[in-house]
Amino acid sequence: MPKPRGFEFWRSTLKGARYVVAPMVDQSELAWRLLSRRHGAELCYTPMLHAQVFVRDANYRRENLYNEVNQEDRPLITQFCANDPEVFIQAALLAQDYCDAIDLNLGCPQMIAKRVKLADEKLSVPITCKIRVFPEIEKTVKYAKMLEKAGCQLLTVHGRTKDQKGALTGIASWKHIKAVREAVNIPVFANGNIQHLSDVQRCMEETGVHGVMSAEGNLHNPALFEGCSPPVWEMSEEYLEVVEKHPPCSLSFVRAHIFKLWHHTPKDPNTENGQKATETKVVSVKRALEDSDGSNDSLSKNKLKKKARNPHKNFSPELKPKYIKCEQCGNPKGNKCVFNLCRGCCKRKAFKEVADCPGHGLRFKTKALKQSNSDTGGGLTNGKPNSQTVSTAVHDPL
């Protein structure tokens, strides 16, 4: 039986889904997907998975997909990042029986058409893609049409460029998304600028897309697609109940979700009529101005206690050591880190990408090469590592 394609796939397999929860690294796990579905989400993606690690590591497959099979969690699309077409196909074949489609994250546009074409030919489920836009609308449209021709059955367009990240995030361009929607003959989802249900409705009206995907908005309010904003403690309790009902769930995922849920709430939940919040704001502004002279009278109670324990301690901002921040979490980066990250972030990146960081003493690539050489009797071509033995795919997640 031929697999459904294009609009047939969207209508039958995905049941015409319009409200979509984005693939988010370490954030869109089973418990969060089930919570989001309770509150209006019609389609969810797995977290973005690293194809090479998925192929080589059975524990990674179990922890990120196989152990999370649940009939309530459908339709479901599994997303991979990959640079090597063959590795991507191997990962997709291992995942296709546990989801309704395979999505390719195209943050890194290397060998795109070949990856999509091979997947469309070999998989029993449809292949979908998620892209960022180019600054030029014409180039973005050409890119989308190339993916459609290669076999992509549904395209999600994040209306930001690859450089719009972190402090440079900015506003997503719905004009780019609309141009892609009008140029291709497959379903299109929009991603970007979605914080409320009114944003969803306005985006669909302005761009003509078939569905809207939310990432950050969903993390702060999993009931976004219901058009309501329940008290954060209620959502937190409900999420924890789902986690308890569907183990296992990594504690790091739980902490991250609780932090996001409470991130925009007042520090004092007992605040009445905004009076305490106003008073706190005034005090903090006054203190910030007084701290500049470095006198003891301007120090907070906490700093005064520290001063009592250590009379020689100086709180002057000018005398504090300046640290270069980690590009991912903001903690001090390692002085010799090749990725400009702190040790924790560097370790995760080096593990996922099978890379080395001498500055932090991480040797994942070196160990993989040694293991490959011992398993294959050398794995060398003209004295160099065989490129098919070890791949160090570096990706640009969307």
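Over the face of which residue does R18 lie? Select R18 and Y19: R18 lies over the face of Y19, 4.7 Å from the ring centre. A charge counts as over a ring if NZ of Lys or CZ of Arg is within 6 Å of the ring centre and within 35 degrees of the ring normal.

A note on the source: this is a predicted model, where local features need pLDDT of at least 70, side-chain atom pairs count only at pLDDT 80 or more, and totals for chains, interfaces and linings use all residues. Residues are numbered from 1 along each chain as its sequence is written, and side-chain values use heavy atoms, with hydrogens and water left out.

Next, select K349 and F339. K349 lies over the face of F339, at 5.5 Å from the ring centre.

Now the ring pairs. Rings of Phe, Tyr and Trp (its six-membered ring) pair if their centres lie within 6.5 Å; planes under 30 degrees apart are stacked, over 60 edge-to-face, the rest tilted. The count is ten aromatic pairs. Select F54 and Y60: the centres are 6.3 Å apart and the planes at 80°, so this pair is edge-to-face. F54 is buried at 0% relative accessibility. Y60 is buried too, at 13%. Buried means under 20% relative accessible area, exposed over 50%, partly exposed in between (1.4 Å probe, protein chains only).

Move to Y66 and Y98. They are stacked, 4.3 Å centre to centre, with 25° between the planes. Y66 is partly exposed at 23%, and Y98 is partly exposed at 30%.

Finally, select F54, Y60, Y66, F80, F88 and Y98 together: ring pairs link them into a cluster.
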